Amino acid sequence: AKASSEEQSTMIHEIYKLDQDFEASLSVSAKTLADLMLNITKLNKQIEDLQTPHDSSLDNAVIVWYSKIFGTPVGENTGAVSEVHAICTLFEEMGMTVVRCGALEEVRER
């Protein structure tokens, strides 16, 4: 009976060791798979960028801003008017062109 118990204990320890080895192997495999998937994603992005390069001619650098504020006389300016003009100036400083339109007819012409 003692020999049987020792053999059973040895087998149980072997099962636990195999389970630990299996878990470690799974962990390494999961990390390897994640690394491969990340590399595949990066390579797919590079392929997409090479197949369809950015065309800066399609970038829109002109903003047509319609607001009744632009049609009001200068003396009637309020805080909101100043803010709109400040935003337009900010866009222009960023290199964009802001076309200020105070009437719908102006927008249609542009």
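Hi everyone, let me start with a single side chain: Trp 65 is partly exposed, at a relative accessible area of 22%. Please keep in mind that this is a predicted model.

What does Trp 65 pair with? Searching the whole structure turns up one aromatic pair. Its members are Trp 65 and Phe 70, arranged edge-to-face, with 6.3 Å centre to centre and 85° between the planes. In case you wonder about those two numbers, the distance of the centres and the angle of the planes are how a pair of aromatic rings is described. The edge-to-face label applies because the angle between planes is over 60 degrees.

Is Phe 70 buried or exposed? Phe 70 is buried, with a relative accessibility of 17%. The cut-off for buried is under 20%, so Phe 70 at 17% falls in that class, while Trp 65 at 22% is partly exposed.

Now for the cysteines. Cys 88 is buried, at 0% relative accessibility, and Cys 101 is buried at 0% too. How many disulfides does the structure hold? The count is zero. As a reminder, a disulfide is a covalent bond between the sulfur atoms of two cysteines.

Let me step back to the whole chain. There are three helices and two strands, and from the N terminus the order is α-β-α-β-α. Of the 110 residues, 8% are buried. The chain exposes about 9300 Å², and 60% of that comes from carbon and sulfur atoms.

Last, the contacts: taking those between residues at least 6 apart in sequence, 58% join residues at least 24 apart.

Conventions
Residues numbered from 1 in each chain as written. Predicted model: local features only at pLDDT ≥ 70, side-chain atom pairs only at ≥ 80, totals over all residues. Heavy atoms only, no water. Phe/Tyr/Trp six-rings, centres within 6.5 Å; stacked < 30°, edge-to-face > 60°. Buried < 20%, exposed > 50% of the residue type's maximum accessible area, 1.4 Å probe, protein only. Helix = DSSP H or I, 4+ residues; strand = E, 2+ residues; numbered from the N terminus. Contact = heavy atoms within 4.5 Å. Areas by Shrake-Rupley, 256 points an atom, 1.4 Å probe, with all protein chains shown as cover. Disulfide = S-S within 2.5 Å.
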